[in-house]
Amino acid sequence: MAAPIDLELKKAFAELQAKMIDTQQKAKLADLQIDQLTRMKKHANLTHAEIKTLPEHTRMYEGVGRMFILQSKEDINKQLTEKQKTADEKIKELEQKKTYLERSVKDAEDNIREMLMSRRAQ
């Protein structure tokens with residue numbers, strides 16, 4: 001009777017280990033994406049601050065591939081603001097995803113602890 005329980009525990013530990021490795025990889029990926037988005041947001045913020053100091057009718061160009069398109073200062077400011085807003089939203093989503101992943105691993109660990117406690121009680 002001890003053998004089936006041991007096999008069950010072994011299977012649960014193997015699943016937990018696989019889940020932990022997968023979660024750690026996803027968490028690292030989320031951290032990298034958050035860092036990248038933070039840098040992009042900071043770059044957009046610095047660019048926006050520099051553009052504010054320029055006169056209103058300054059010619060500004062947006063890089064598109066290997067060419068540049070003439071844009072108004074207002075359009076450039078809108079694009080930079082939109083970039084910052086999008087980066088903020090994505091960072092929030094990634095942080096929520098990371099929290100969910102950490103919580104799911106903790107739940108799996110708790111389930112295995114319960115299994116061990118019930119085995120000891122028997």
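## Salt bridges

A salt bridge is counted where a side-chain nitrogen of Lys or Arg lies within 4 Å of a carboxyl oxygen of Asp or Glu. In this predicted model, side-chain atom pairs count only at pLDDT 80 or more and local features need pLDDT of at least 70, while totals for chains, interfaces and linings use all residues. Residues are numbered from 1 along each chain as its sequence is written, and side-chain values use heavy atoms, with hydrogens and water left out.

Asp110 and Arg113 form one of them, at 3.1 Å from N to O. Because these two residues are three apart in helix H2, about one helical turn separates them. Helices are DSSP runs of H or I with at least four residues, strands are runs of E with at least two, and both are numbered from the N terminus. Lys106 joins Asp110 and Arg113 in a network of salt bridges. Lys78 and Glu74 also pair, at 3.3 Å from N to O; they are four residues apart in helix H2, so about one helical turn lies between them.

Lys41 forms a salt bridge with Asp88, and their closest N and O atoms are 2.6 Å apart. This pair links distant parts of the chain, with Lys41 in helix H1 and Asp88 in helix H2, 47 residues apart. Lys41 has 30% relative accessibility and so counts as partly exposed; the class lies between buried (under 20% relative accessible area) and exposed (over 50%), using a 1.4 Å probe and protein chains only. Asp88 is also partly exposed, with a relative accessible area of 30%.

## A buried residue

Ala108 is in helix H2. Its relative accessible area is 14%, so Ala108 is buried. Ala108 and Ile21 are 87 residues apart in sequence, and their C-alpha atoms are 13 Å apart in space.

## The surface patch

Phe68 belongs to strand S2, residues 67-71. Phe68 counts as exposed because its relative accessibility is 62%.

Tyr61, Phe68 and Leu70 make up a nonpolar patch on the surface, with about 360 Å² of accessible area together. Patch residues have over 30% relative accessible area and no salt bridge; like charges are joined within 9 Å, and nonpolar side chains (Val, Leu, Ile, Met, Phe, Trp, Tyr) within 5 Å. Accessible areas come from the Shrake-Rupley method with a 1.4 Å probe, and for residues only the protein chains shown count as cover.
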